[in-house]
Each structure stands twice: as C-alpha cells, then as structure tokens.
Amino acid sequence: MPYDKYLNEFCDIIDTYGGRDKVMKALCYGSKLIAGYYGDRKPELAKRYAIASSRISGARATLRLIDDIPMIQYALEYGFGQGESDSIMAVLGVAANFVDLLYYPVEKICWLSEHKIVDIKNPDYWDNVNTIFWVVGVYLNLMRNIRSFGLNQQKINNIRETKDNPDVEKMLKKHRIEILTLIRLSLDFVHAGSYLPKGYLWGGKLSTFQIGAIGTASAAIGIYQIFAKRRLNK
C-alpha cells in the first residue's frame, strides 16, 4: 500500500540523528506555536503546550552534548577549505566551523548551570554568549549557502548552453532544494536573533506565537528536504 512506503521512509529518517532532531524540532515549535495561539484564549491549555515545548527543547539540548565530537572530526576533515570552489567559500566555511567549535562547549556550560550540576557565576552572561555564537553561526552558514547558490547558478547557466546535457535536470532539482535551504536558514537567523538581549537586532521583540511559527516552518522545510534529497539520490 502507498502509505506503507511513506511510513517506512519516515521510520528510516527518524532512525538517523539528524532526522530525529528535525522531527523533535517540529514538535517543539509546533507546541510553542499552539501555546502562543492560546496564550490569551485558553491560558491553562497554553501552559500545557509551553511545558511540552520546553521539555522537548531540553531533550534536544541534551542530545547535543556530544555533538562537538563529530563537529571536531568534520572541522579537521574540512581543514582550510581546500576542497571548496573558491576562496570566499573556504573563508566562510572555516569561520563557521570555528564558531561552531566555540558554541558547543559554551552550550555545555549553560546546560550544566541550568540543571544545577555546577555553580556558574553570572549564568545570564553565558546564555548571551551562547546565543551570540548561535546567531553568528547561522549567519555564516546562510552567507555560505548564498555564495554556493550563486556559483551553482553560474554552472547551470553554462551547462544550459550545451545541448542535450543529461546533468541539467538533476542539477536543477538540487538547485531548488538549495532555495529551500536559503529560506530555512533565513528563518533560523530570524529565530536565533529573537533570543538576543533586548536592544540587539530584534532580540525580545517576537511573540511566542511568532517564534513558534518560524521554528515550525523551518523544521517542516528541513523534514521535506530530507525526503527530497533521499528521492533525488535514488
């Protein structure tokens, strides 16, 4: 039956760390979206969904405690971006990796402080530092993907000039997926910036409903991209 195919595909996705995190992100911000929507209408219901969102967010943060190990491996393999198509991509890639390597240990400090495992002086300071690394990391990845999108567009334009090239259709499909990546990263940047202290960018200016909507949309795009990439590679 058709639904068996989709069910099996979904199970394959949640068997991976990245796929499971995307689904948990959708549940987290979907709950936050509902909490924001019912905030004034049904406060008790909104509180329940806010608690669910907080618990799922905490679970995702706990799972990220060991993310620095594969991140270190990736950074070492990436090196100084020798495999990139140009120097701008390499600089952005190295900078993004450097920020990510700083982000994970700071997030651990925040996690240890939040769960009262260690006493941290001025935990708000570390939370702000963590958010800054988050915002900068998302921004660098967004800039990197914008650059990659432009370079790929040039390749597609050059290939289109060659008649009967079988690679054009597949490249166009990948290009459309990259457009979704740009949208998703833009949403993530807006989302991350909302957690900055008031007075910085749009920190503290978005409502719970708006944050939930942005996070849910980003997660939905991420899940769709996983399905799309799997089908493209078949």
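Contact, as the word is used here, means that heavy atoms lie within 4.5 Å. In this predicted model, leucine 65 touches Lys108 and Trp111 when residues up to four places away in sequence are not counted. Leucine 65 is placed in the loop between α3 (43-63) and α4 (68-78), and although leucine 65 and lysine 108 are 43 residues apart in sequence, their C-alpha atoms are 6.4 Å apart in space.

Helix α2 (residues 17-37) takes part in two helix contacts that are described here in turn. The axes of α2 and α3 come within 7 Å and cross at roughly 155°; because angles over 145 degrees count as roughly antiparallel, α2 and α3 are roughly antiparallel to each other. The crossing of these two helices, α2 and α3, is left-handed. On the α2 side the contact is made by residues including Tyr17, Met24, Leu27, Cys28 and Ile34, while among those on the α3 side are Ala46, Tyr49, Ile56, Arg60 and Leu63. Sorted by class, the residues of the contact of α2 with α3 comprise 14 nonpolar, 3 polar and 4 charged.

The axes of α2 and helix α8 (residues 208-232) come within 7 Å and cross at roughly 155°, which makes α2 roughly antiparallel to α8. The crossing of α2 with α8 is left-handed. Residues of α2 that make this contact include Gly19, Val23, Ala26, Gly30, Leu33 and Gly36, and among the α8 residues are Thr208, Gly212, Gly215, Ala219, Gly222 and Ile226. The contact of α2 with α8 has 11 nonpolar, 9 polar and 3 charged residues.

In soluble globular proteins, nonpolar side chains tend to be buried together. The largest nonpolar core in the model consists of 5 residues, namely Val135, Val138, Phe189, Ala192 and Leu196, and at least two residues of this core are supplied by each of α6 (123-160) and α7 (167-193).

Because buried means under 20% relative accessible area, serine 113, at 14% relative accessibility, counts as buried. With residues up to four places away in sequence not counted, serine 113 touches Val118, Ile120 and Pro123.

Terms used
Residues numbered from 1 in each chain as written. Predicted model: local features only at pLDDT ≥ 70, side-chain atom pairs only at ≥ 80, totals over all residues. Heavy atoms only, no water. Core = buried A, V, L, I, M, F, W, Y, C linked by side-chain atoms within 4.5 Å. Buried < 20%, exposed > 50% of the residue type's maximum accessible area, 1.4 Å probe, protein only. Helix = DSSP H or I, 4+ residues; strand = E, 2+ residues; numbered from the N terminus. Axes fitted to C-alpha atoms, helices over the stretch in contact; angles between N-to-C directions. Parallel < 35°, antiparallel > 145°, perpendicular 65-115°, else oblique. Left-handed = near helix turned anticlockwise from the far one by under 90°. Nonpolar A, V, L, I, M, F, W, Y, C, P; charged D, E, K, R; others polar.
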